[in-house]
Amino acid sequence: MLDQAFESVVSRVNRYRESGDRDAVLGRGTLADAGHLWQAGMATGGTSLDVLNTLAWLHWCRYKALEGNDEINDFEAALLLFARVGAYEPEAVPEELRPPLSQGVTIDHQFIGPEHWGRVGIHLLRQAEPTLDAELLDRAVEIFEGTLAAYPPGHRFWPGDMNNLRYALRLRYGARRDPADRRRSIEVNRALRRGISPHQRLGPDVPPVPPLPKVTRFRPEQALERRYQHVTELYESGDHEVAEDEARDLLMDTADLLGTEHPVSIATCSVLASILSALGEPEEAARAERAARERAMRARGRR
């Protein structure tokens, strides 16, 4: 994984330096590649100078491409990394950074790297949540894909960032309805429950991602009620992970076709709470149960 990420980052840096292609260092997947290099750099035994130099160049190129909008402190990261590289290979440091480095570098480590990225991602997620701002969610997803490439399962920030990534993907699926976000959120969910990295393949014992349900606008109430019955059957048979997937799809389609205060929506929230409780997720279960109560109260208020 490290070798593949290293080659990808080298390619990204070269594309930006040769052509000024901003997407090369800012586009989707950049921080996931960088995260693998950060994981190597944070390892107890350290990593090679080549990895540190490549990572430093990525952050420096990102800083220049962002033109002042340095959201994750790329400049400080580049400065710190080049200080380490320059101690062994001074000529590898960009000329623009040599004067500040010659004066010494004092940087608070908590404001660079994956730990800082995670705090920025949480802030973006909170901003995006009320209105499903897809642009903010894009940035949050990119950040959490990066932190989870940097943290191995078992790291103290890993469970929280796994939860943040799956939630950001669900929200973005609600905003754009891109099936890739639905699939990725389910895969992250499966990985979280098994304590494995979201960047590795799931095993053959893991339930497959169910296909997107067909949505009909002809007599939608009956079709959605049948899907609700199917969700309850999955739950009662113990197929809880697939039941969760089907319930979340049903909630989204019911909201579109019948509204969030329809009895099917309220009932689905309640059964989702039971499913999540069975899966050992009390906080998520409480959120679903609270949503069911709030929707029921609004429905009664309209009568």
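User: How many salt bridges does the count come to in this structure?

Analyst: The count comes to 28 salt bridges. Keep in mind that this is a predicted model.

User: Let's take one. What makes Arg 119 and Glu 115 a salt bridge?

Analyst: The closest N and O atoms of Arg 119 and Glu 115 are 3.5 Å apart. The cut-off is within 4 Å for a side-chain nitrogen of Lys or Arg and a carboxyl oxygen of Asp or Glu, so this pair qualifies.

User: Where do Arg 119 and Glu 115 sit relative to each other in helix α7?

Analyst: Both belong to helix α7, residues 113–128, and they are four residues apart, which means about one helical turn between them.

User: Why is Arg 119 called partly exposed?

Analyst: Its relative accessible area is 34%. Buried is under 20% and exposed is over 50%, so a value in between is partly exposed. Glu 115, at 32%, gets that label as well.

User: What about Arg 183: how do you know that a salt bridge joins Arg 183 and Glu 187?

Analyst: Go by the distance again: the closest N and O atoms of Arg 183 and Glu 187 are 3.5 Å apart, and the limit is within 4 Å, so we call it a salt bridge. The two residues lie in helix α10 (residues 179–194), four residues apart, or about one turn of the helix. Arg 183 is partly exposed at 42%, and Glu 187 is partly exposed at 25%.

User: What makes Arg 193 and Glu 244 a salt bridge?

Analyst: Their side chains meet at 2.9 Å, N to O, which is within the 4 Å limit, so the pair counts. Arg 193 is in helix α10 while Glu 244 is in helix α12 (residues 240–257), so the pair ties together parts that are 51 residues apart in sequence.

User: Is Glu 244 buried or exposed, and how do you know?

Analyst: Glu 244 has a relative accessible area of 0%. The line for buried is under 20%, so Glu 244 is buried. Arg 193, at 23%, comes out partly exposed. Salt bridges with shared partners also join a set of residues into one network, including Arg 193, Arg 194, Glu 241, Glu 244 and Arg 248.

User: On to the rings. How many aromatic pairs does the count come to?

Analyst: The count comes to six aromatic pairs. Among them is the pair of Trp 57 and Phe 82.

User: What makes the pair of Trp 57 and Phe 82 edge-to-face or stacked?

Analyst: The ring centres of Trp 57 and Phe 82 are 5.5 Å apart and the planes stand at 90°. Pairing needs centres within 6.5 Å, and planes over 60 degrees apart count as edge-to-face, so that is the label here. The pair links distant parts of the chain, with Trp 57 in helix α4 (residues 49–66) and Phe 82 in helix α5 (residues 74–86), 25 residues apart. Both residues are buried.

User: How is the pair of Trp 60 and Tyr 63 classed, and why?

Analyst: Their ring centres are 5.7 Å apart and the planes are at 25°. Planes under 30 degrees apart count as stacked, so this pair is stacked. Trp 60 and Tyr 63 are three residues apart in helix α4, about one helical turn. Trp 60 is buried at 5%, whereas Tyr 63 is partly exposed at 29%. Ring pairs link Trp 60, Tyr 63 and Phe 75 into a cluster.

User: Last one: what lines the largest cavity?

Analyst: Lining residues include Lys 214, Pro 220, Leu 224 and Arg 227. Helix α11 (residues 220–236) gives the largest share of the lining, four residues. By class, the lining has five nonpolar, one polar and two charged residues. The volume is about 30 Å³.

Technical notes. Residues numbered from 1 in each chain as written. Predicted model: local features only at pLDDT ≥ 70, side-chain atom pairs only at ≥ 80, totals over all residues. Heavy atoms only, no water. Buried < 20%, exposed > 50% of the residue type's maximum accessible area, 1.4 Å probe, protein only. 1 Å grid on protein atoms, 1.4 Å probe; cavity = no way out; pocket = protein on both sides within 12 Å on 5 of 7 lines; lining within 4 Å. Points joined across faces, edges and corners; volume = space filled by probe spheres on them. Nonpolar A, V, L, I, M, F, W, Y, C, P; charged D, E, K, R; others polar.
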